[in-house]
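The stops below are given in the order in which they may be selected.

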Amino acid sequence: MSAIPFDNSYARLPGGFYTRLAPTPVTDPGPIRVNTALAESLGIDPDWLVSTEGTRVVAGNDVPQGADPIATVYAGHQFGSYNPQLGDGRAILLGEVPGRDGNRRDIQLKGSGPTPYSRGGDGRSPLGPVLREYIVSEAMYKLGVPTTRALAAVTTGEQVAREEFLPGAVLARVASSHIRIGTFQFFAAGQKFDLLQLLLDHVIARHYPEAAASENPTLALLEAVVSRQAQLVANWQLLGFIHGVMNTDNMLLCGETIDYGPCAFMDDFHPDRVFSSIDHGGRYAYRNQPGIAHWNLSCLAQTLLPLLHDDRERALALAQEAIDAFPHQFLAAHTRGMAHKLGLVEITADDTTLVEDLLQLMAEHQLDYTLAFRRLADLADEATLESGGVSELFKIPDALLPWLARWQGRVAEDTMNSSERQACMYAANPAFIPRNHLVEEAIEAATRNGDFAPFHQLVDVLAQPHQYRDDLARYATPPGPHQVVRQTFCGT
Ligand code: AMP
Ligand code: MG
């Protein structure tokens with residue numbers, strides 16, 4: 001029996017979609033961590049995955065039975081400029097697994113050696129970016145955000161040359177699929193409309209089967225993608241998550257967050273916050289994320305024009321209408337989520353200034369975004385609060401007291417009782433997020449000292465982000481002045 005139950009539908013598409021090639025073996029594979037629950041849900045024995053055999057598969061040293069390794073091709077707008085030829089330059093799609101829940105998933109090795117799409121890069125990944133992606137993607141999953149996931153990570157025993165030599169690693173990443181807006185752009189720009197249609201049919205069958213029954217399946221697909229992305233980016237905004245590199249090749253048709261390169265969660269709130277070292281103009285700043293998603297979706301819509309309608313004018317009108325739905329859908333999702341964060345059944349037009357004023361106060365007084373909301377959740381029902389919650393970590397500043405009184409007045413009119421309100425707010429306002437300084441600390445310990453304990457502890461704490469524990473206060477505490485991370489770097 002095969003150790004991984006593969007069934008590779010993308011590799012059955014014609015050769016124009018990919019280059020068939022195996023990962024490049026490494027010198028000395030060593031296990032870092034295996035995601036037991038995820039492995040089991042995919043029908044993979046976690047004990048096998050962490051064994052020497054499994055570790056060799058993740059490292060790319062053995063190609064398991066049933067795999068059909070490929071590097072996929074795509075294009076994309078990077079910081080607004082179109083690049084006609086990108087692709088898996090440091091990743092290999094091993095294959096797909098049907099999954100016990102009936103959801104098909106890709107298993108991709110990231111850092112697995114050069115491919116025809118490497119553009120001079122080495123196809124490898126240092127340990128740091130692998131650990132970062134493991135920590136943050138799994139945290140996002142536990143926070144309820146659609147995301148690619150980390151199945152396993154291994155060391156390679158090799159050094160990777162960057163500004164300095166760094167230990168190398170490979171991540172086995174799982175996604176509902178790795179099909180990007182940039183994948184559509186590749187075939188549309190090349191005017192390969194038969195392949196574009198095949199890609200569309202594949203995406204509909206795989207991710208949006210309900211669209212197939214629609215009068216215009218292309219339009220139904222576009223509308224569904226718009227809706228999933230609106231929901232996704234609303235999730236990011238509500239959590240204070242900054243993706244950092246929202247290029248069209250980093251946006252998936254399936255609606256999962258992908259590419260944990262220069263991403264970061266905000267500590268103190270500011271709408272203009274940018275972390276990425278290469279985002280000089282702030283294109284992907286926190287406040288720009290919804291607008292950029294909208295822009296990226298218009299790129300997708302453009303690729304679909306020839307398939308939307310034979311009449312070009314009609315196709316344009318349909319596409320425009322579909323993408324025009326984004327702002328409203330985003331706002332609706334964001335408002336719903338903000339209501340939960342504030343412990344309200346709904347946010348009405350009258351509440352708009354309540355929300356805006358809170359965010360403005362947070363920005364003015366550099367309040368920690370996560371803890372401010374969590375402290376409000378503590379205050380929602382002081383009767384049931386056994387310990388002090390996060391009160392030791394976050395003091396409500398005097399400047400917030402008038403706002404607090406307004407909020408307390410408003411919740412008093414709401415239909416939820418206080419314990420329901422608190423439960424709702426705790427579920428919407430995590431105590432633990434992957435704080436940048438803790439992620440850095442875990443990466444540094446592993447990279448400099450071969451000490452993986454901080455990495456494992458962080459992943460473990462973030463598995464229960466909504467349940468505050470006094471003994472884990474360190475993981476909820478904002479960075480001290482010398483710990484603040486101001487810049488993040490992409491994984492390359
Ligand atoms: P990203 O910034 O991760 O979205 O990557 C952008 C493009 O650069 C993709 O086509 C990647 O495959 C490629 N790339 C990034 N890092 C490397 C690397 N170390 N070696 C080869 N290609 C890379
Ligand atoms: Mg990418």
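Select strands E5 (residues 91-97) and E6, which pair in the antiparallel sense over 6 bridges; strands (E, at least two residues) and helices (H or I, at least four) are DSSP runs numbered from the N terminus, and two strands count as paired if DSSP finds at least two bridges between them. At one position of this pairing, alanine 91 stands opposite lysine 110 in E6.

The model is predicted, so local features need pLDDT of at least 70 and side-chain atom pairs count only at pLDDT 80 or more, while totals for chains, interfaces and linings use all residues. Residues are numbered from 1 along each chain as its sequence is written, chains are lettered from A and ligands numbered from 1 in the order in which they are written, and side-chain values use heavy atoms, with hydrogens and water left out.

Buried means under 20% relative accessible area, exposed over 50%, and partly exposed in between (1.4 Å probe, protein chains only). In a regular strand the side chains alternate between the two faces of the sheet. Arg105, Ile107 and Leu109 point one way from E6, and Asp106, Gln108 and Lys110 the other way.

Move to threonine 156, in strand E8 (residues 149-161). Threonine 156 is buried, with a relative accessible area of 3%. Its contacts (heavy atoms within 4.5 Å) include Val26, Pro29 and Gly168, not counting residues up to four places away in sequence.

Select helix H15 (residues 453-461), whose buried residues are Pro454, Phe455, Leu458, Val459 and Val461. Seen down the axis of H15, these residues fall within an arc of 165°, so they line one face of the helix; the arc is that of the directions from the helix axis to the C-beta atoms. They pack against strand E2 (30-34) and helices H4 (127-142), H14 (436-449) and H16 (473-476).

Finally, select the magnesium ion (ligand 2): which residues coordinate it? They are Asn250 (OD1) and Asp259 (OD), at 2.2 to 2.6 Å. Donors are N, O and S atoms within 2.8 Å of the metal (3.2 Å for Na, K and Ca), and water is not among the atoms, so sites may look incomplete. Both asparagine 250 and aspartate 259 are buried.
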